[in-house]
Amino acid sequence: MLSAVKRQTGLLRQASMIRPIRGLASASEESDLIEIELPETSFEGYNLDVPELKFTTTKGNLLQMFKDMTTIRRMEMACDALYKAKKIWGFCHLSVGQEAIAVGIENAITKQDTVITSYRCHGFTHMRGSPVKDILAELMGKRSGVSYGKGGSMHMYTTGFYGGNGIVGAQVPLGAGLAFAHQYKNEDNCNFALYGDGAANQGQVFESYNMAKLFNLPVVFCCENNRYGMGTAASRASASTEYFKRAGYIPGLKVNGMDILAVYQASKFAKDWCLSGNGPLVLEYETYRYGGHSISDPGTTYRTREEIQHMRSKNDPIAGLKMNMLQLGLANEEELKAYEKAARKYVDEQVELADSSSAPGHEPALLFEDVYLKGTGIPRLRGRTVNETWDLENLKHVPRY
Ligand SMILES: Cc1ncc(C[n+]2csc(CCOP(=O)(O)OP(=O)(O)O)c2C)c(N)n1
Ligand SMILES: [Mg+2]
């Protein structure tokens, strides 16, 4: 197993080239502009020409992505500690190692685009706009949580972000539906629908490909291939692990998901693709989760410690970007350390705030909030039995529906 990993990650390791450029903008912006050249191994296309390896961005953009990834990692580490301290209960799926995907996508799109993903959703929720304290409060079942303490780890939402979905693959047709809404409303926006390598085998994923192609929907089907679905290696669950080719009639692009610059460029390309009227696209981000499937899985029974260690030490997305920025003098060691320290301080403060916020009350009205969109509800809602039917207007039991 290790030799296969080594072979693959040897390619992933090649660093991007970044250099400052001059002469394209005003004096103040000029010093901020940089030219990136990604390694040739960053992309593999299926029925399309891969994105340009050379592109221009700003130093500010790279620093922002560094800060975002660092914050998400600290937040996930805080989740782990809070779980061990028994302040978080139930399911909890962390994305340590996969940060480049949520961060790279968000920096390539706008708030008017929509995103939907699986249960591994904390990083996406933050990138879509929720402060860390609201995410942690949700995990601790607090009223100030992003879902008012009623959702927990897998069910987080915010503007332009449709979850957080616990049913494997269920978010993919919802993503196609969101893309349909963008098209129907003549919006210049698209949907990014993320799913795992395990989810890629679900029937509803193929139904979504079909409808999306028929309707030419602006949806980017994004497979986060982290090589495992719970404890099962992708090659044991998928007849073909070339996830970017699996829609057949929809072009695809495989992306080095451990290199934030490649993720960023591919995500921009995908959005342009959809907005140019090309219809759907399949992206496969090759990535890796350092931890187990969820906090209750040590993650070491179905893969070797050497494999995990190898990915951590040779392909880490944060260390990779840091190395690039240092080598090119875009920031020095002290500045980057200061960013890391600031992220740690911010997350520590957010933990305090989340922890000190209050739990939801016991009043029955809370149970019926957020079941229906305001104004669209029904007057009565059935509980576990017909005798538990609730009159929602007067908040009391009524004998029968
Ligand atoms: C329909 C359905 N089947 C099974 C499960 C149990 N389950 C939860 S996560 C998971 C594995 C999914 O793996 P993958 O799609 O690769 O996502 P990852 O956890 O790697 O991010 C399974 C089988 C579920 N939640 N829903
Ligand atoms: Mg997986």
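1. Leaving aside neighbours within four places in sequence, Gly 291 is in contact with Leu 94, Val 96 and Gly 299; two residues are in contact if their C-beta atoms, placed from the backbone, lie within 7 Å. The glycine sits in the loop between strand 11 (281-286) and helix 11 (305-315). Helices (H or I, at least four residues) and strands (E, at least two) are DSSP runs, numbered from the N terminus. Gly 291 is partly exposed, with 17 other C-beta atoms within 10 Å. For that term, a residue is buried if 20 or more other C-beta atoms lie within 10 Å of its own, exposed if 12 or fewer, and partly exposed in between, with C-beta atoms placed from the backbone. Ala 247 is 44 residues from Gly 291 along the chain, and their C-alpha atoms are separated by 29 Å.

2. On the source: this is a predicted model, in which local features need pLDDT of at least 70 and side-chain atom pairs count only at pLDDT 80 or more, while totals for chains, interfaces and linings use all residues. Residues are numbered from 1 along each chain as its sequence is written, and chains are lettered from A and ligands numbered from 1 in the order in which they are written.

3. On confidence: pLDDT is the predictor's confidence in each residue, from 0 to 100. The protein chain has a mean pLDDT of 91, and 92% of its residues reach 70 or more. Residues 1-14 have a pLDDT below 50, and this stretch has 20 contacts in the model beyond near neighbours in sequence. The pLDDT is also below 50 over residues 22-28, a stretch with five contacts in the model beyond near neighbours in sequence.

4. Is Ser 118 buried or exposed? With 25 C-beta neighbours inside 10 Å, Ser 118 counts as buried. Ser 118 is in the loop between strand 5 (114-116) and helix 5 (122-128). Not counting residues up to four places away in sequence, Ser 118 touches Asn 165, Val 168, Gln 171, Leu 194, Tyr 195, Gly 196 and Ala 199. The C-alpha atoms of Ser 118 and Met 154 are separated by 7.4 Å, although the two are 36 residues apart along the chain.

5. Asn 47 has a phi near 60 degrees, a positive value in a residue other than glycine. Asn 47 lies in the loop between strand 3 (43-46) and strand 4 (54-58), and with 14 C-beta neighbours inside 10 Å it counts as partly exposed. Asn 216, not a glycine either, has a positive phi of about 55 degrees. Its place is the loop between helix 8 (203-215) and strand 7 (219-225). Asn 216 counts as partly exposed, with 14 C-beta neighbours inside 10 Å.

6. Next, helix packing. The axes of helix 3 (residues 59-84) and helix 12 (residues 317-327) come within 10 Å and cross at roughly 150 degrees. Axes are lines fitted to C-alpha atoms, for helices over the stretch in contact, and angles run from 0 to 180 degrees between N-to-C directions. Helix 3 and helix 12 are therefore roughly antiparallel to each other; angles under 35 degrees count as roughly parallel, over 145 as roughly antiparallel, 65 to 115 as roughly perpendicular and the rest as oblique. Helix 3 contributes Leu 62, Met 65, Phe 66, Met 69, Thr 70 and Arg 73 to the contact, and helix 12 contributes Pro 317, Ile 318, Leu 321, Lys 322 and Met 325. These residues divide into eight nonpolar, one polar and two charged (Ala, Val, Leu, Ile, Met, Phe, Trp, Tyr, Cys and Pro count as nonpolar, Asp, Glu, Lys and Arg as charged, and the others, Gly among them, as polar).

7. Helix 3 also packs with helix 6 (residues 132-139): their axes come within 11 Å and cross at roughly 25 degrees. That makes helix 3 roughly parallel to helix 6. Thr 71, Met 75, Ala 78, Cys 79 and Leu 82 of helix 3 meet Val 132, Ile 135, Leu 136 and Leu 139 of helix 6. This contact holds eight nonpolar residues, one polar and no charged.

8. The axes of helix 7 (residues 171-184) and helix 8 come within 8 Å, crossing at roughly 15 degrees. Helix 7 is thus roughly parallel to helix 8. On the helix 7 side the contact is made by Val 172, Pro 173, Ala 176, Ala 179 and Phe 180, and on the helix 8 side by Gln 204, Val 205, Glu 207, Ser 208, Met 211, Ala 212 and Phe 215. The division here is nine nonpolar, two polar and one charged.
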